[in-house]
Amino acid sequence: QVQLVESGGGLVQPGGSLRLSCAASGSIFSIYAMGWYRQAPGKQRELVAGIKYADSVQGRFTISRDSAKNTVYLQMNSLKLEDTAVYYCNYKYGTYDYWGQGTQVIVSS
């Protein structure tokens with residue numbers, strides 16, 4: 001069993017920054033199997049950052065990992081209105097596929 005807890009979301013102005021955290025507990029075989037997805041209202045969930053980045057966030061978002069803490073971070077800079085979404089942490093390894101509860105990011109002036 002794996003538990004994922006996201007934090008760090010909030011309201012930010014365009015051009016601002018936020019850092020999301022995802023703390024994992026349970027049977028984590030590889031922290032590199034963790035990544036970030038997002039789902040905007042009325043849209044499908046999409047991969048933001050994992051082994052690769054979505055084109056829309058390339059150069060603005062950075063994923064980092066702390067193996068000692070089983071924690072993955074998403075540093076989001078130069079945020080745009082279209083980055084508004086619920087951001088989810090995901091752990092996918094073999095038959096394991098777990099999601100966090102999500103953290104809301106709202107980019108608004």
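Entry 1: I started with Phe29, which counts as exposed at 51% relative accessibility. The cut-off for exposed is over 50%, so Phe29 falls on the exposed side. I note here that I am reading a predicted model.

Next I searched the whole structure for aromatic pairs and found six. In one of them, the ring centres of Phe29 and Tyr96 are 5.7 Å apart and the planes stand at 65°, so I logged the pair as edge-to-face.

**Entry 2: Tyr37 and Trp99.** I then turned to another edge-to-face pair, Tyr37 with Trp99, at 4.9 Å between centres and 70° between planes. This pair also links distant parts of the chain, since Tyr37 sits in strand 4 and Trp99 in strand 9, 62 residues apart. Tyr37 is buried at 18% relative accessibility. Trp99 is partly exposed at 33%.

**Entry 3: Cluster and charge.** I wrote down one aromatic cluster made of Phe29, Tyr91, Tyr93, Tyr96 and Tyr98. Then I checked Arg45. Its charged end sits over the ring of Trp99, 4.6 Å from the centre. Arg45 also lies over the face of Tyr88, 3.8 Å from that ring's centre.

**Entry 4: The strand 4 hairpin.** I followed strand 4 (residues 34-39) to strand 5 (residues 46-49). The two run antiparallel, joined by three bridges. They form a hairpin with six residues between them. In the turn, Gly42 has a positive phi of about 75°. Across the pairing, I found Trp36 opposite Ala49 of strand 5.

**Entry 5: Ser21.** Trp36 came up again when I listed the contacts of Ser21. Leaving aside neighbours within four places in sequence, Ser21 touches Val5, Glu6, Ser7, Trp36, Val72 and Tyr73. Ser21 belongs to strand 3 (residues 18-26) and is buried, at 17% relative accessible area.

**Entry 6: Asp83.** Last, I asked where Asp83 lies. I found Asp83 in the loop between strand 7 (71-76) and strand 8 (85-93). Is Asp83 buried or exposed? Asp83 is buried, with a relative accessible area of 0%. Beyond four places in sequence, its contacts are Arg38, Arg60, Phe61, Ser78, Val105 and Val107.

How values were computed. Residues are numbered from 1 along each chain as its sequence is written. This is a predicted model: local features need pLDDT of at least 70, side-chain atom pairs count only at pLDDT 80 or more; totals for chains, interfaces and linings use all residues. Side-chain values use heavy atoms; hydrogens and water are left out. Helices (H or I, at least four residues) and strands (E, at least two) are DSSP runs, numbered from the N terminus. Buried means under 20% relative accessible area, exposed over 50%, partly exposed in between (1.4 Å probe, protein chains only). Contact means heavy atoms within 4.5 Å. Two strands pair if DSSP finds at least two bridges between them. Rings of Phe, Tyr and Trp (its six-membered ring) pair if their centres lie within 6.5 Å; planes under 30 degrees apart count as stacked, over 60 as edge-to-face and the rest as tilted. A charge sits over a ring if NZ of Lys or CZ of Arg is within 6 Å of the ring centre and within 35 degrees of the ring normal.
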